[in-house]
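Please look over the model shown here.

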Amino acid sequence: MRAIDILRAKGGATVTIPPDADVRTLLDLLAEHRIGAVVLSPDGTTIAGIVSERDVVRALAASGPGVLDQQVSSICSPEVHTVGLGVHIDALMRLMTDQRIRHIPVVADGTLQGIVSIGDVVKHRIVELEGERAALSDYISASG
């Protein structure tokens, strides 16, 4: 299972937000799409940062409710870890664990292709494990 396989299974467009949008707009976007992070992009294809629910919570704790009127670029993580379409799910899990991140944008030729969340990785890993279990059960049944 590779990043491209996860993106194909997810379907749909990648949700992005302009860096100059306010945090209140970000929260509406996260709620509307039921997602935990959004890529900051001025054009929907390049990556200017990433902002997550965690970033909002930290900003609220540090600055109070006034942060809701600030630009998302003021609370985002400007250093974004990305992967290519061909990266294997094991490498995704390792990167997420090592960097303590839950969302990784997928790029090809410098263009945003989608975003993979920890939930996507867990879901697809469960499918893989269930397939392996079924194959082993079939093998044991056939051998017995």
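## Basis

This is a predicted model: local features need pLDDT of at least 70, side-chain atom pairs count only at pLDDT 80 or more, and totals for chains, interfaces and linings use all residues. Residues are numbered from 1 along each chain as its sequence is written, and side-chain values use heavy atoms, with hydrogens and water left out.

Helices (H or I, at least four residues) and strands (E, at least two) are DSSP runs, numbered from the N terminus.

## Sheet

Three strands form an open sheet in the order E1-E2-E3, with mixed pairing. Two strands pair if DSSP finds at least two bridges between them. Strand E1 (16-17) and strand E3 (49-52) are the edges, each pairing on one side only.

E2 (residues 37-40) runs antiparallel to E3, joined by 4 bridges. Valine 39 has isoleucine 50 of E3 as its bridge partner. Alanine 37 stands opposite serine 52 in E3. Both faces of E3 are covered. Gly49 and Val51 are buried on one side, Ile50 and Ser52 on the other. Buried means under 20% relative accessible area, exposed over 50%, and partly exposed in between (1.4 Å probe, protein chains only).

## Cores

A nonpolar core is a set of buried Ala, Val, Leu, Ile, Met, Phe, Trp, Tyr and Cys residues joined through side-chain atoms within 4.5 Å. The largest has 16 residues; Ile17, Leu26 and Ile75 touch the most other members. Helix H2 (23-33), E2 and helix H3 (53-63) each give two or more residues to this core. H2 gives the most, with 4 residues. Apart from this core lies another of 13 residues, among them Ala3, Ile6, Leu7 and Leu92.

Contact means heavy atoms within 4.5 Å. Beyond its neighbours within four places in sequence, isoleucine 75 is in contact with Val23, Val51, Asp55, Val56, Ala59, Val67 and Gln70. Alanine 59 sits in helix H3. Alanine 59 counts as buried because its relative accessibility is 9%. Leaving out residues up to four places away in sequence, alanine 59 touches Gly64, Val67 and Ile75. The C-alpha atoms of alanine 59 and valine 23 are separated by 9.9 Å, with the two residues 36 apart along the chain.

## Surface

Isoleucine 118 is found in helix H5 (residues 118-143). Why does isoleucine 118 count as partly exposed? Its relative accessibility is 35%, so isoleucine 118 falls in that class.
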